Structures are given as C-alpha cells and as structure tokens.
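I have opened a new page for this chain. Here is what I looked up, entry by entry, for anyone meeting the structure alongside me.

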Amino acid sequence: MISQLSERQAQILDFIDSESNYLICDGAVRAGKTTVMAIAFVVWAMEYFDDCNFAICGKTVQSAERNIMRPLLGLKEIPYKRSYRISDRALTVQCGTKRNHFYLFGGKDESSYQLIQGITLAGALLDEVALMPRSFVDQVIARTLTYANKKIWFNCNPEGNRHWFYLEWVLKTDRCELDGSEHLHFLMSDNPVIGPEELAKAEAAFTGVFYDRYIRGLWV
C-alpha cells in the first residue's frame, strides 16, 4: 500500500521515538499524511505499551472507520495481527504476547466529549481535528494524563485563521510556547504518489481562499 515515503512523510515516523508528546500534521489535501500517521501511531503504541487503551478519533465514527480503520486493516507492511469488532468499535492489535486496544470515537459536536469520559488512554490519534469542537479535544487529552509518555497525534487540513486549533496549538507550537509539541506542514508535493501532471491539474482546479487552503495548506 505504501511503496515509498517522501522526506516529510518520513518525519512522522521520527515522532515514534521523539521525547515530545504532541505532533501536529497539517497542510494541503492529498498530501498522504493520514495513512503514514496511522501507521506510526500503531507502531508507537505497540513498541512502548502492552494491554493499554488508545483512541482513534474522527469527526464521526464512520469517518474514522473510512479514513483510519480501513487503511490500517488493509496494510501488509506492519507485522501485527489486527481484529476489528464493529459492535463496540474496537480494534485489537497483537504482536507476540503484546496486545493493545484502539477504540473509535466521533467528535462532531459539543456533546461528543461525554462519549469519551471515563476511559484511560495512553495516547490518541485525532484525524481532521479542525472539524472537532475544543471541548472534545480537551477531553481526549485529559483521558491521557495518567501517562507521562503519552502521545497525541493531530492531523488536519486548514480552516480559517481564527480557528481555535490554529490559535491554541499551531501558532503556539510554531512560537515554541507549547512544550513537547512538534508541527509538520505538508504540501501536496510531499506525497510521492502524486506526479507532476496530477499536481498541475489539482493546482488548476482551485482559486482564491480554497487554493490557499487545499493546495498551499494555509490557515486562511
């Protein structure tokens, strides 16, 4: 499924052994950041934990299944046994005697934070975090406070430049105001699957603010 990685995509894998607790991957659409981040998230969890709980979050559970779960289940590059229970939206990953559990959650509105209350997490992957309310994201982070070596993996395409996640996470990380936080900005050209012809067609398809968001990956 993944035959090669760009230099920028490979930097996601570096976060597995980083001392930082938070990684933000934002930027252009179709940059290939989601699948690589999902792989790195599972590899990190299996490397450092056993019999722990993790969260995979999308705007809805269905979008998390589509964007994260299906690619993970189809991967042949990672040597883990994987089983997904639709009844409780739980993915179990096993390597030898080590086993971890990944639960899917949707963060579509202000009441969604209630769905994740009570669970203790060693880490979380939030796909399209810019589409989630702050109350849900804060609750996810609160669920991980038991673990000093927890990691939160944020992935999104940009919204407006007054968006709460841009102001509270992206800008503060870039200004080194958040300890233990890293930011990787992606362009469509960071995806080795997209050739020059496809890139040119994509760039020609948008103008104005949507060109800046989708192609340049800017929060405007």
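Is Cys 176 buried or exposed? I looked it up, and Cys 176 is exposed, with a relative accessible area of 65%.

**Ground rules**

I am working with a predicted model, where local features need pLDDT of at least 70, side-chain atom pairs count only at pLDDT 80 or more, and totals for chains, interfaces and linings use all residues. Residues are numbered from 1 along each chain as its sequence is written, and side-chain values use heavy atoms, with hydrogens and water left out.

**The whole chain**

I started with the secondary structure, and the chain has seven helices and eight strands. Both are DSSP runs numbered from the N terminus: helices are H or I with at least four residues, strands are E with at least two.

Next I looked up the overall dimensions. The C-alpha trace spans about 50 × 35 × 35 Å along its principal axes. The radius of gyration is 17 Å, which agrees with the value near 17 Å for a compact globule of 220 residues. That radius is taken over C-alpha atoms, and the globule rule is 2.2 Å times the number of residues to the power 0.38.

Of the 220 residues, 49% are buried. I then turned to contacts, meaning heavy atoms within 4.5 Å. Among contacts between residues at least 6 apart in sequence, 72% join residues at least 24 apart.

The chain exposes about 10,700 Å², and carbon and sulfur atoms supply 49% of that area. These areas come from the Shrake-Rupley method with a 1.4 Å probe; for residues, only the protein chains shown count as cover.

I also noted 24 positive and 27 negative side chains, with the centres of the two sets 6 Å apart. Lys and Arg count as positive, Asp and Glu as negative, while His and the chain ends are not counted. Each charge is placed at NZ of Lys, CZ of Arg, CG of Asp or CD of Glu.

**Helix α5 and what follows**

Which residues of helix α5 are buried? In this helix (residues 164–174) I found Trp 164, Phe 165, Tyr 166, Trp 169, Val 170 and Thr 173. Their cover includes β1 (22–27), α4, β7 (151–155) and β8 (181–186).

Cys 176 has a positive phi of about 60° although it is not a glycine.

I looked at α4 (residues 134–142) too, where Asp 138 is found. Asp 138 is partly exposed at 37% relative accessible area. Its C-alpha is 8.3 Å from that of Tyr 113, 25 residues apart in sequence.

**Aromatic rings**

How many aromatic pairs are there? My rule takes rings of Phe, Tyr and Trp (its six-membered ring) with centres within 6.5 Å; planes under 30 degrees apart are stacked, over 60 edge-to-face, and the rest tilted. By this rule the count is 20.

One of them is Phe 41 with Trp 153, edge-to-face at 6.0 Å centre to centre and 75° between the planes. This pair links distant parts of the chain, with Phe 41 in helix α2 (residues 33–48) and Trp 153 in strand β7, 112 residues apart. Phe 41 is buried at 1% relative accessible area, and Trp 153 is buried at 0%.

Trp 44 and Phe 49 are also edge-to-face, because their ring centres are 5.2 Å apart and their planes at 70°. Both Trp 44 and Phe 49 are buried. I found these four rings in one aromatic cluster, together with Phe 15, Phe 54, Phe 102 and Tyr 147.

Asn 191 sits in the loop between β8 and α6 (196–204) and is buried at 10% relative accessibility. Beyond residues up to four places away in sequence, Asn 191 touches Gln 9, Arg 30, Ala 31 and Gly 32.

Arg 89 is in the loop between β3 (81–85) and β4 (90–95). Arg 89 has a positive phi near 50° and is partly exposed at 26% relative accessibility.

Tyr 80 lies in the loop between α3 (61–74) and β3, and is buried at 13% relative accessible area. Leaving aside neighbours within four places in sequence, its contacts include Val 42, Val 43 and Met 46.

Notes: Buried means under 20% relative accessible area, exposed over 50%, partly exposed in between (1.4 Å probe, protein chains only).
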